[in-house]
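Dear colleague,

Please find below the sequence and the structure that I am handing over to you. My notes on what was found follow directly after them.

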Amino acid sequence: MPYRAPLNDYRFIFENVVGLSRVSETERFAEATPELVEQILTEAARLSEEVIAPLNWPGDRNPAKLENGVVRTSPGFGDGYKAIAEGGWVGMAANPDHGGMGLPMAVTTAVNEMLSSACLSLQLCPLLSQGQIEALEHHASDELKALYLPKLTSGEWSGTMNLTEPQAGSDVGALRTKAEPNDDGSYRITGQKIYITWGDADFLPNVVHLVLARLPDAPAGTKGISLFLVPKYLPDAQGEPGEQNDLRVVSLEEKMGIHASPTCVMEFDGAKGWLVDGPNKGMAAMFTMMNNARLGVGAQGIGVGERAYQHALAYAMDRVQGKATGSGAIVEHADVRRMLTQMKADLFAARSIALMNAVSIDMAAATGEATWKARAALLTPITKVFGTEVGVQVSHEGVQIHGGMGFVEETGAAQFSRDARITPIYEGTNGIQAMDLVARKMMDGGEAAFSVLDAIQSEAEEARATHEALAQKVWEATEALRETTEWLVEQEMQDRFAGAVPYLRAFARVLGGAAHLRAAQRGDAARGALAAFYIDRLLPEHRALLTQARAGAAGLYALGLDDLTAA
């Protein structure tokens, strides 16, 4: 079925849930008027629906291939990418000094979600460029910025992230790729990287790789990692692609999903590269790119989930099976209605959390205030985890609603489930994101978390006047989360890690409850009914989750390795 961008949801959330008006009232984002935002969303919806969405199914059926060292992309992807680039969508949030639009991250996030719904395999290409642009804006020399940012921002060239090696996945500090200095200030980069998304493409005149490598005599572990810019083609005197660098695509991974996205094994054989920032500062620079991508990946999960929901809803409204009232279609069956309503409620919650995160990033950039920076940092792992978990669950339920037809590839439901499954894994697995939340994001003793919880409870108090029952449930859930947060920050790190995943999930449930409560107050009867469904049926999960979060680590090791392996 055709995809339709959820413009009404974006408009409602911007105006009534996350307060985008605060962003446009700042000097930095003053040009992001409601009229401009509406034009941006409308045009992005048209692009996503009419140009990009039709590429999704053919791309899955005709994946990218490596032929004689050249990555051959799926039919139509070159034209689709050209439409994205020429529309300025790669550089939406980029600095206008290098050709960007300078739009708020909140608007960029909404557009990225639409493009992810349309075709996740293709959207991955501009998403990685956006992350590289931000990393270079913050950490590169003026010379590198002048040479590379205009090309990346326009989408003429694309960017990648090269972290992972066969022996160094989540443990990035174990990488072996080395960087040796040349006489001209550049470096020779040698090593192999795996899982490099859009490492090459036949429609791109140049691909710019950001590569983590180790300088001679660098300290062990992550403290000794540096970041290098390594282009496929070395720019000539006019800044155009010249001599090919000493790098190549060794192979493409054969994946469960996102078949049309070329995931490359890259070999660097003395390739010429330039240091980004200073020696041994690579992780700080790369985390700028990764944090940008983590918000983007959360939006990808939501985007695939939205497409899966629309697909399942259309099938449920058309499929007649069994005895049902009303239309007679399966949408009238109670369990099918339960699944569809949960899909819609969770998508609204996840979308609201992602846009809360993006607005916090925008306010931090516009004001420089520490409170906004801390809030943005706190919400980033929650956005990534909850957005991707919702995408996986919604696409899973989409297959279930189709029944046996969902297990048959030609209906299309299975593709969404396969595509969504990567999102909880890349840019830091969801378990690592949860550990980050309870460790690095709680180094302030929970101050940022308590600030968010204070605001939710204050709003719940105000909501009692019109929605007493719903407000009370949100207030009580928030108080339970506060008590567990107080307990958490007093624990040893291993006990925090043991409960990190359920704790993050509970936090997301409460944030979703707050978003739905605002929707009930400010929306129509349908939004009130959806809020009641979420708060009455889904929010109560927080109790069991918080119980798990406080269970500690000891029980995880009660079974020895022999016990685990016993038949």
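What percentage of the 567 residues in the chain is made up of buried residues? Buried residues account for 56% of them. Here buried means under 20% relative accessible area, exposed means over 50%, and partly exposed lies in between, with a 1.4 Å probe and protein chains only.

Before the details, a word on the basis of these notes. This is a predicted model, in which local features need pLDDT of at least 70 and side-chain atom pairs count only at pLDDT 80 or more, while totals for chains, interfaces and linings use all residues. Residues are numbered from 1 along each chain as its sequence is written, and side-chain values use heavy atoms, with hydrogens and water left out.

Overall form

The chain contains 19 helices and 11 strands; these are DSSP runs numbered from the N terminus, with helices being H or I of at least four residues and strands being E of at least two. Its radius of gyration is 24 Å, close to the 24 Å given by the globule rule for 567 residues, so the chain is as compact as a globular protein of that length. That radius is taken over C-alpha atoms, and the rule is 2.2 Å times the number of residues to the power 0.38. The C-alpha trace spans about 70 × 65 × 55 Å along its principal axes.

Of the contacts in the chain with a separation of 6 or more, 75% are between residues 24 or more positions apart; contact means heavy atoms within 4.5 Å. The accessible surface of the chain is about 22900 Å², and carbon and sulfur atoms contribute 51% of it. Such areas come from the Shrake-Rupley method with a 1.4 Å probe, and for residues only the protein chains shown count as cover. There are 49 positive and 71 negative side chains, and the centres of the two sets lie 4 Å apart. Lys and Arg count as positive and Asp and Glu as negative, without His and the chain ends; each charge is placed at NZ of Lys, CZ of Arg, CG of Asp or CD of Glu.

Strands

Strand β3 (residues 158–162) is mostly covered, with five of its five residues buried. Ser158, Thr160 and Asn162 point one way from β3, whereas Gly159 and Met161 point the other way. In a regular strand the side chains alternate between the two faces of the sheet. β3 runs parallel to strand β6 (residues 207–213), to which five bridges join it; two strands pair if DSSP finds at least two bridges between them. Within this pairing, Asn162 has Val211 of β6 as its bridge partner.

Strand β4 (residues 178–181) pairs with β5 in the antiparallel sense over four bridges, and Ala179 stands opposite Ile189 in β5. The two strands form a hairpin with five residues between them, and Gly185 in the turn has a positive phi of about 95°. β5 is also joined to strand β11 (residues 263–276) by nine bridges, running antiparallel, with Gln192 opposite Glu267 in β11.

Glu180, in strand β4, counts as partly exposed because its relative accessibility is 27%. Leaving aside neighbours within four places in sequence, Glu180 is in contact with Ser186, Tyr187, Arg188 and Pro216. Its C-alpha atom is separated by 60 Å from that of Arg522, 342 residues away along the chain.

Backbone angles

Most residues other than glycine have a negative phi. Tyr195, found in strand β5 (residues 187–197), has a positive phi near 60°. Asp217 also has a positive phi, of about 65°, and lies in the loop between β6 and β7 (226–231). Asp217 is exposed, with a relative accessible area of 81%.

Ala308 lies in helix α8 (residues 282–318) and counts as buried because its relative accessibility is 4%. Not counting residues up to four places away in sequence, Ala308 touches Met343, Val394, Ser395 and Phe416. Ala308 and Gly412 are 104 residues apart in sequence, and their C-alpha atoms are 9.0 Å apart in space.

Thr484 belongs to helix α14 (residues 468–488) and is likewise buried, at 2% relative accessibility. Beyond the residues up to four places away in sequence, Thr484 touches Tyr503, Leu546, Ala549 and Arg550.

Yours sincerely
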